[in-house]
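Please keep the sequence and the model in view while reading.

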Amino acid sequence: MTTAPSAAHGTCVADRNDIQHAGVQYILDSVLEQLLADPTRRFIYVETAFFFRWWRQQDSATRKAVTMLVNEGRLEFVNGGWCMSDEATTHYSAVIDQMTLGLRFLNDTFGACGRPRVAWHIDPFGHAREHASMFAQMGYDGFFFGRLDYQDKARRIRDKDMEMVWRASESLTPPTADLFTGVLPNGYNPPAGFCWDQSCNDPPIRDDPNLEDYNVDNVVKRFIEIANDQAKMYRTNHIIMTMGSDFQYENANLWYKNMDKLIRYVNAKQSQGSKVNVLYSTPSCYLQGLHQANLTWSVKMDDFFPYADGPHDFWTGYFTSRPALKRYERLSNSLLQVCNQLEVLGGPNSRKGPYGEGDSDTLRKKYSHLQVVFKQKALPLCNSSCKAVIGYTSMWLHLLSSSLIEEAMSVAQHHDAVSGTEKQHVANDYAKRLARGWAHCEVLGSRPSTTPAGRLKELDLSFQRCLSLFKTLVSNALATLSSWEAPREYCLSLNISVCPATENSYKFFLTVYNPLSRMVSWPVRLPVNGSDYMVLQPHGQVLDSQVIPVSKATRKIRGDRGYAVNELVFRVQAPPVGFRTYVVSQMSRQHPPVAPQPGTPLSMENQFIRVTFDPDTGLMNSLTNLETKQKIQLMQNFYWYNASDGNSADSNQPSGAYIFRPNSSTPIIVSQTAKTYTLKVNSVVQEVQQEFSPWVSQVVRLYWGSRELELEWTVGPIPVEDSLGKEVITRLDTNINSSGYFYTDSNGREMLERRKDFRPTWDLKQSEPVAGNYYPINSRIYIKDKVNQLTAVTDRSQGASSLQDGSLEIMLHRRLLYDDVRGVGEPLSEPGDDNKGLVVRGRLLLALTPPKDAADIHRPLAEALVLEPLLAFQTGELHPNTILEFSGLQASLPPAVHLLTLSQWDQESVLLRLEHQFQVTESPTNSQPVTVNLKKLFSTLEVVGVSEMNLSANQWKDEMNRFDWKTSGGEQCPPRRLGDTSPWEITLKPMEIQTFLLRVRQR
């Protein structure tokens, strides 16, 4: 029997001991002392971010001791990402980034001995299939988690099916995405009665027989009974017991002293016939024992959502909790990718532009000095058995000089961060970290200002020099690529029509940077105070544009943060992984803007879509695809569920940050009708502005040239004067014959089939007909029949369902009055700027297509919402040699191929990830293998060397060896890929991601 000592969570040491006393430094200091005292003892550690903070404060002797423990397997890293990410509300690209950041530190610090072999997600609240697929492609041998639906767990215990092989992709050939998966018996806690932390109340083992409270016999008896009972749930003669829990091991001596006694006295019973043998161990050793058993394991094809720990306790509320933070995280991910790309494209010239400190020789000297310093610190840690500091210097400099937004984004993936399941002050801190990262990243294209410097004061002072070095290396990227040094401004509140750069200027330049690997067209709405403008493209062509008044709803939200009276609307394009600059000038002759008129139109349409309205209600009543001649009935409205306060005969469970529990299965409609205003400007945009109540409004918007209908919703402050919390949804009711089926994405990637009141792996007894049918959507949801498919693409993670045939509902916002007793300790009631309640604005994009063609529309549409363009504004006069249009690629990539990652790895190497973004059967055209030539990929970079890596870039692909598992399907391992015909040509199959380190030089 394996015992795995661990502290389930770690927190940074802070001055908020009134909220939670816990500190990683105390845990690691205490555990290190205990491990060194006895070579049989073991400990596992999970989240690299906290370990990194502790590690950088240690002296050489401590680091040497830790390296020895890692080399000997006495301290084992499991999972190893920057954090233990949430699995419902995270996007796959952000998960890959945070895993890469953490694993790179471990790999470069401890070498192969520090590389985790086991994924360990003991606390997330449900488990996504795409996460398992990513873990498999990162080289993990197995995956263990703690939370499992109570009905699923009962079935698995009964059938001894607590361990299985998870087939995590329908597109990738087994066992590429196969992952051995085990459910831990006690979550992440020790067995009942065996918690010996200072925070626990269980009695220690008292082994002096002369004392009255001697308890060895009783403890041993109870433990052997628990071990035998647990063994009945599992198939081999190995079982695992987690010995630790949240924030434990600050005084590790208590744990280890009692576990030493437990092991000694339990094993002594073997002389009396006991078959229980206890030892210190780790998850990887336990997994090795299971592998050596050579059994045939069952196969799981679906996921582990939704999760419930009781009949009325469905953890489906957090899919939507804190919607503004979820949106901010998504925007930050987009900005991070833009920053990474610009750092690569700017090249060495960005280090000696007008915003840097000194010339390239000065920078090289600074870099060389830091190399020497860190080599002096790192080299003593090496030994012959494990090269602990291979690449240490480049890694350390990377971490010190990497964008603040990279670390902020990585931390934001935590299962109590983007999930929205934290206290309000913690949510504020996450937002501040992201904001600080934004300010730091923007130095890529603008002259440094005092604002970022002020925000950086909170950082550890030892990092300031390295951060300024990073700024020097990348702050000139856009200036280098455009040959124009005028300062750039960025507007982060365009969704509420606030942008000083456009409000105050008669003439300005708009640079649109496109992070996608294909040409994309976007609508742009800029706040202005004039009423007539001319927009010029780079070659002087006049672009259609329109000035419209800022809406009443927008003016109400922004308050005094902006004063623009109008919005300038036009569509922009930018080349793949590049930019285009537009010139915007206010005309001398001013015509009054076209104002919305009261009333509802019968219809509005462009060349692709027609939407009709009921003039009596102001609501939509049909949607037509003019290209395919499809038409469906479509009514959309807003509703809310009154949240349970816990005072019911069935259960005392209230709705909270985690739990969604409405007090009725019938939602309450906000209004049967909408007050409407209509704006019809055929050349650019048409709008129907709908007001449902003082706290719910929407704009139904159709841009010329768009194949999708935009719904821009605004919700809040949610009224709670009636002492009832509310969970606000929008519902789309159609005549599509969906037969109880609907489809949701897994972390923004593969689509999964859902069915109302059904689970694929057990007979569901449904006790919550609404909450028990909610699933996370990270980017889209759709329903379909043989003729029509309606897809809703979202701009953030949300909860959604289809509770009636032909219907989709998406939860937009939540405001609750009670804590759900799952650890937050306060109600989910976000105050907003004025303490009256949070106002949230977002977008849904609707596409009506034939099912066979739907993926060709919704995949690139979702991709474009995840990676939005960066808009930069400049004033002044153009330099004669200014480059107004640039692409980092020689040509657009094929529609099926997505440029997932382009980031600087070290001075000479670039990390590249290319992915096939279509599933195996969803598109006749795009679900086919695609070949890309890496040599012909970039316009400014020459690729002179290429090495393929695993998904997390911490192993060479040809050295990645995983355990093979026999499954009930009898599949055999496919032969190892021997490579493509040319070393420069790679072929991507559906849903395949390939990761490369490229050695490059500027052309």
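What percentage of the 1003 residues of the chain count as buried? The share is 62%, where buried means under 20% relative accessible area, exposed means over 50%, and partly exposed lies in between, with a 1.4 Å probe and protein chains only. The model is predicted: local features need pLDDT of at least 70 and side-chain atom pairs count only at pLDDT 80 or more, while totals for chains, interfaces and linings use all residues. Residues are numbered from 1 along each chain as its sequence is written, and side-chain values use heavy atoms, with hydrogens and water left out.

**Overall composition**

The chain holds 20 helices and 46 strands. Both are DSSP runs numbered from the N terminus, with helices (H or I) of at least four residues and strands (E) of at least two. Among contacts between residues at least 6 apart in sequence, 75% join residues at least 24 apart; a contact means heavy atoms within 4.5 Å.

**A four-stranded sheet**

Strands of a sheet pair through backbone hydrogen bonds, either parallel or antiparallel. Four strands of this chain form an open sheet in the order β40-β41-β46-β43, with antiparallel pairing; two strands pair if DSSP finds at least two bridges between them. β40 (897-904) and β43 (941-949) stand at the edges with a single partner strand each, so one side of each has no neighbour in the sheet. From one strand to the next, the twist averages 30 degrees. Angles run from 0 to 180 degrees between N-to-C directions, and axes are lines fitted to C-alpha atoms, for helices over the stretch in contact.

A hairpin of four residues connects β40 to β41, and seven bridges join these antiparallel strands. Gln904 stands opposite Val910 in β41. On the other pairing, β41 (residues 909-916) and β46 (residues 993-1002) run antiparallel over seven bridges. Here Val910 stands opposite Leu998, and Leu912 has Phe996 as its bridge partner.

Why is β41 described as largely enclosed by the rest of the structure? Eight of its eight residues are buried, so the strand is largely enclosed. Ser909, Leu911, Arg913 and Glu915 point one way from β41, whereas Val910, Leu912, Leu914 and His916 point the other way.

**Helices in their surroundings**

Helix α4 (residues 92-110) and helix α10 (residues 323-346) have axes that come within 10 Å and cross at roughly 60 degrees. The contact involves Ser93, Ala94 and Asp97 of α4 together with Glu329, Asn333, Leu336 and Gln337 of α10.

Helix α2 (residues 48-55) has seven of its eight residues buried, so it is largely enclosed by the rest of the structure. The buried residues are Thr48, Ala49, Phe50, Phe51, Phe52, Trp54 and Trp55.

**A strand with two faces**

Strand β45 (residues 985-988) has Ile986 and Leu988 on a covered face and Glu985 and Thr987 on an uncovered one. β45 pairs with β42 (residues 930-933) in the antiparallel sense over four bridges, and Ile986 is the bridge partner of Val932.

**Salt bridges**

A salt bridge is a side-chain nitrogen of Lys or Arg within 4 Å of a carboxyl oxygen of Asp or Glu. By this rule the count is 50. Three of these pairs are listed below.

| Pair | Distance, N to O |
|---|---|
| Lys552 and Glu691 | 3.8 Å |
| Glu885 and Arg580 | 3.1 Å |
| Arg701 and Glu687 | 2.8 Å |

Lys552 belongs to helix α19 (residues 552-558) and Glu691 to strand β26 (residues 685-693), so their pair ties together parts 139 residues apart in sequence. Lys552 is exposed at 55% relative accessibility, whereas Glu691 is partly exposed at 28%.

Glu885 is partly exposed, at 33%, while Arg580 is buried, at 9%.

Where are the partners of the remaining listed pair, Arg701 and Glu687? Arg701 is in strand β27 (residues 696-703) and Glu687 is in strand β26, 14 residues apart. Both are buried. They also belong to a network of salt bridges, whose members include Arg327, Arg525, Glu567 and Glu710.
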